[in-house]
Amino acid sequence: MSTASVASQAPGADAAAAQRPAHQPTCRFCAHPLRRTFVDLGMSPLCQTHIEPHDLDKPETFYPLHARVCENCFLVQLEEFVAPQQIFGDYAYFSSYSDSWVEHARRYVEAVSARFRLGPDSLVMEIASNDGYLLRHFVKRGVPCLGIEPAANVARVARENGIPTVVRFFGQEAAREIAQERGRPQLLLGNNVLAHVPDINDFVSGMKILLAPDGIVTMEFPHLMRLMMENQFDTIYHEHFSYLSFFVVERVFAHHGLVLFDVEELNTHGGSLRIFARHAENDALAITPKVSELKAREREAGLDRLETYSLFEARVHETKRSLLAFLIEARRSGKKVVGYGAPGKGNTLLNYCGIRTDFLDFTVDRSPHKQGRYTPGTRIPILHPDRIMEARPDYVLILPWNLADEITRQMAGVRGWGGRFVVPIPGVRVLA
Ligand SMILES: [Zn+2]
């Protein structure tokens, strides 16, 4: 037995533990020690672990939800507490349940096919292809494609719908095998996956390996500048390991031999970027002026200065206070309040603010995979959307606020009895 393990069992071991320096995480890109807090949202359970009724009397695991910013490279990030295999192995998120997301995918496929002349002789691959919500548009156009999806249950749905899909976590190893067995794609895309990978270096270098010499990569991810400007702290949850600005992603890609040659700004997920990358060696594709324009705006917004990041947390505290003030006032005056949606961001908001059935009687979700379960940590029942029509609440708090337009259209009947919709972000607001 080593002296260390003897000491740990001796009287006074607790005092010794307290004197040990606190755990020091390091940056997942540059390995610099992470000392600066961006925002600390306390303890939270994994956002997709909706509770089954027979598990209601069991304990739940909570993990720190503490986002830090790297002083060296400005990557905002969460530590990896849970292996992605545990998070994404049996995922409850099926992209096809959002109408606006499916339409967004269709328009993307149309635009990218025209711009890069993709046809029956091309090969398209999508990383984290989910249930095939996007690739099905390529299948319809006769473009050969392959989905690479880590969640077996979601991949099965894609295959049943005729989308070739392999069940894999993506990285260098998967890239080498897929390149050998299936070839190298002219278009390699990934939407809402770059932020979800713990080993960002393995992931981006995997894309370098897989992409055809004249191929392009497109990726979409929520833009950190919008998160900060619009107070979207609820988009911070354990599944999102990184919070990305354009200049940081450019740096990460450059490190692995990929150049960002174009960028588009999108309104999805509260404000996203769609980046276009190519091999550094392929200068047939010129870098568009949009690249330097966006970098200039990020500089103006202060994203290359640490002071900017330290101002964020105080706004988050104030948002919690004002949302709770609204809910307390509504409930005290006898109003009925329910939620709409059970998205990942809703779980951060509900857990951080401490909102349970004392404020929301229930929430609803269109996904049958969530109905009949309970929100993680806060244990609010998740019901079918029709239940709102039966309950006739005074207020419906929209948790996926990025889909507020779609939801208020689908649920227009709420206004029939004088019900009002409320969004919590960037600040609590009752919709007209
Ligand atoms: Zn760093």
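Against which strand do the buried residues of α6 pack? They pack against β6 (165-166), where packing rests on contact, that is, heavy atoms within 4.5 Å. The model is a predicted one, in which local features need pLDDT of at least 70 and side-chain atom pairs count only at pLDDT 80 or more, whereas totals for chains, interfaces and linings use all residues. Residues are numbered from 1 along each chain as its sequence is written, and side-chain values use heavy atoms, with hydrogens and water left out.

**Helix α6**

Select residues 152-160, which form helix α6. Helices (H or I, at least four residues) and strands (E, at least two) are DSSP runs, numbered from the N terminus. The buried residues of α6 are N153, V154, A155 and A158; buried means under 20% relative accessible area, exposed over 50%, and partly exposed in between (1.4 Å probe, protein chains only). After the helix comes G162, with a positive phi near 85°.

Next, select strand β5 (residues 145-148). Both of its faces are covered: C145 and G147 are buried on one side, L146 and I148 on the other. In a regular strand the side chains alternate between the two faces of the sheet.

**The four-stranded sheet**

Move to the open sheet with the strand order β12-β15-β16-β17 and mixed pairing. Its edge strands, each pairing on one side only, are β12 (337-340) and β17 (429-430). Strand β15 (residues 395-398) runs parallel to β12, with four bridges between them. Select V338 to find V396 of β15 opposite.

**Helices α13 and α14**

Display α13 (residues 312-332) together with α14 (residues 344-353): they pack at an angle of about 80°, with axes 10 Å apart. Axes are lines fitted to C-alpha atoms, for helices over the stretch in contact, and angles run from 0 to 180 degrees between N-to-C directions. α13 is therefore roughly perpendicular to α14, the class for angles of 65 to 115 degrees. The contact is made by V316, H317, K320, L323 and L324 of α13 and by L349, Y352 and C353 of α14.

**Helix α10**

Select residues 246-255, helix α10, whose buried residues are F246, F247, V248, V249, V252 and F253. Among the elements covering them are α8 (200-210), β8 (216-222), β10 (258-266), β11 (272-279) and α11 (289-300). G257 follows the helix and has a positive phi, near 85°.

**Two side chains**

Is Q77 buried or exposed? Q77, in strand β3 (residues 76-77), counts as buried because its relative accessibility is 2%. A polar atom of its side chain lies 2.9 Å from the backbone nitrogen of R28, and the Q77 side chain also reaches the backbone oxygen of L75 at 3.1 Å. Leaving aside residues up to four places away in sequence, Q77 touches residues including T26, C27, H66, F241 and Y243.

Finish at K58, in the loop between β1 (36-44) and β2 (63-69). At 43% relative accessibility, K58 counts as partly exposed. The side chains of K58 and D55 are joined by a polar contact of 2.7 Å. A polar contact is a pair of N or O atoms within 3.5 Å; within protein, one must be able to donate a hydrogen and the other to accept it, and residues adjacent in sequence count only if both atoms are side-chain atoms.

Methods
Two strands pair if DSSP finds at least two bridges between them. Angles under 35 degrees count as roughly parallel, over 145 as roughly antiparallel, 65 to 115 as roughly perpendicular and the rest as oblique.
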